[in-house]
Amino acid sequence: MTVTLLVPFLILSASLHLALGFLSLNRRFPYSRYAFMVLSSIAVYQLGYSLEILSPELQEKLFWSKVQYIGIPLILLSLSFFVTGFSNIDRKPFPVYAKILWIIPVSVTLLRWTDEWHGLVYSSVRLIEWQGHDLLDIEPGPVYWFQICMHYFNSLFSSFLMFRFLKKSTGDLLKGSILLTAMTLLPFLGLFAYVFRIGPVDPSPFTLALAGPLFARALFQLRLFSISPVARDTVLETLETGVLVLDKKHKITDFNRAWESMLPSAPKYLLGSSIDLVMPELSGLLSNHDNSNKPASTIKISGRHFDLAVNTLPNGTGKTIAFYETTQRKELEKRLRYLSFHDALTGLYNRAFFNEELDRARKSRSFPVGFLVIDLNGLKSVNDSKGHAAGDILIQKAAEAIRAPLRSHELVARTGGDEFQVMIPNCTESALAAIQERICTDLCSSAVSASCGAAIAVSEDEIPDALALADARMYEDKNRGREIPEVRL
């Protein structure tokens with residue numbers, strides 16, 4: 001087989017690697033950019049080597065050898081970064097100093113493109129004839145040997161990480177990890193053959209022609225990248241319902257944008273992360289769900305409410321969780337609960353809530369319980385003469401004056417149009433008289449005229465009688481006559 005017959009194979013392989021590189025990009029897995037760099041760098045290397053073989057002149061061959069150096073220094077370093085990220089179970093970000101390593105391939109590439117001035121990469125070059133073709137033969141310089149050492153280190157380092165990761169892998173993860181481990185060893189073998197000059201043709205581009213598809217097959221097997229049907233992206237990504245997919249160890253294997261938006265500050269590393277770290281509140285829910293698609297529980301994330309539906313995947317391979325947002329419904333329910341127990345005009349509790357608190361007071365040990373019944377004087381006259389807006393102001397002023405001296409556990413409610421009732425647990429007669437006096441003083445200072453009656457219940461059975469007595473005393477106070485207030489709008 002002549003050298004030129006190898007060129008179409010390399011060009012086809014370069015095209016395949018470039019296509020696989022773009023397909024491997026996936027926003028969910030931050031290390032996918034290193035997979036892209038691995039595959040696209042192989043493509044540049046193979047394309048440059050093909051054109052080097054086809055070029056007839058030494059200068060042209062040297063130019064295409066320089067083009068190869070845009071990809072060569074990046075291949076194994078990118079692979080090391082990818083494998084490091086993939087095998088990093090805790091998904092911790094790379095240390096800052098690791099980024100300094102990118103200086104090495106950039107420097108090697110620059111030195112190769114300026115090699116005519118210093119000869120640090122190729123100390124000398126010449127053409128040799130093989131099977132009727134002129135091939136480039138080089139004498140390595142110090143930077144070249146440094147680069148070879150770096151390649152060996154990166155290849156062995158990647159293989160070491162993958163062999164260690166294999167021990168923890170099972171199922172599809174194990175199959176994909178085996179392929180990835182084999183891929184890390186192939187460049188090592190290609191470099192070995194080239195350094196020891198087994199033949200005049202550089203075997204590395206052909207070794208990588210096998211390593212690249214093997215790498216891509218591993219990505220398919222591991223399901224890390226969006227090399228998936230369009231239907232999946234179309235349906236899953238457009239759902240307003242958040243969808244999360246976990247493996248049997250509760251590690252994240254997939255999710256859609258709706259779920260990602262639920263995180264208050266989305267971690268950079270999601271795929272492969274344990275859900276216990278990303279959403280610790282889910283841990284107990286996942287172990288206790290009933291394997292149905294009915295809401296298993298509710299959860300609150302960053303102020304938003306969600307119902308969860310958890311399903312177990314076939315053969316117990318994992319779980320899917322659907323997050324149905326119920327924030328608006330919860331807010332509406334909260335608003336309805338508020339309105340059902342509060343007076344809209346004053347914000348005080350209403351009669352329904354007051355009656356519920358009476359039932360609770362009967363079962364509590366907060367006796368004696370003091371009661372105040374307060375009724376505004378002249379509200380009808382104010383409504384008739386000044387309008388209902390003036391009457392509303394009168395009611396609001398009264399509510400503020402009655403609420404002001406009371407503590408948080410002392411209840412005040414608007415139980416009628418112009419009637420208020422107060423319930424004070426653990427109250428003595430002297431304390432009740434002091435509160436009554438304070439409220440009357442505050443009402444007068446607010447230009448509100450009101451009648452008030454008070455009574456105390458020392459047991460559950462006395463509560464109805466105490467309320468009736470307080471009501472009767474309020475009417476006695478009203479019959480003594482009060483001045484109708486002047487209300488200013």
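Me: Is Arg360 buried, partly exposed or exposed?

Reply: Buried means under 20% relative accessible area, exposed over 50%, and partly exposed in between, with a 1.4 Å probe and protein chains only. Arg360 counts as partly exposed because its relative accessibility is 42%. Please note that this is a predicted model, in which local features need pLDDT of at least 70 and side-chain atom pairs count only at pLDDT 80 or more, while totals for chains, interfaces and linings use all residues. Residues are numbered from 1 along each chain as its sequence is written, and side-chain values use heavy atoms, with hydrogens and water left out.

Me: With which residues does Arg360 form salt bridges?

Reply: A salt bridge is a side-chain nitrogen of Lys or Arg within 4 Å of a carboxyl oxygen of Asp or Glu. Arg360 meets Glu356 in this way, at 3.9 Å from N to O. Arg360 also pairs with Glu357, where the closest N and O atoms are 2.2 Å apart. Glu356 is itself partly exposed, since its relative accessibility is 33%.

Me: Which residue forms a salt bridge with Asp359?

Reply: Arg362 does, with the closest N and O atoms 2.9 Å apart. Asp359 is partly exposed at 40% relative accessibility, and Arg362 is partly exposed at 26%. Asp359 and Arg362 are three residues apart in helix H15, and therefore about one helical turn apart. As for networks, salt bridges with shared partners link Glu356, Glu357 and Arg360 into one. The structure holds twelve salt bridges.

Me: How should I read a loop residue, and is Asp343 buried or exposed?

Reply: Begin with the flanking elements. Asp343 sits in the loop between helix H14 (327-341) and helix H15 (351-363). Asp343 is buried because its relative accessible area is 14%. Contact means heavy atoms within 4.5 Å; leaving aside residues up to four places away in sequence, Asp343 touches Leu348, Tyr349, Asn350 and Arg414.

Me: Where does Pro56 lie?

Reply: Pro56 lies in the loop between helix H2 (32-54) and helix H3 (58-68). Pro56 is exposed, as its relative accessible area is 53%.

Notes:
Helices (H or I, at least four residues) and strands (E, at least two) are DSSP runs, numbered from the N terminus.
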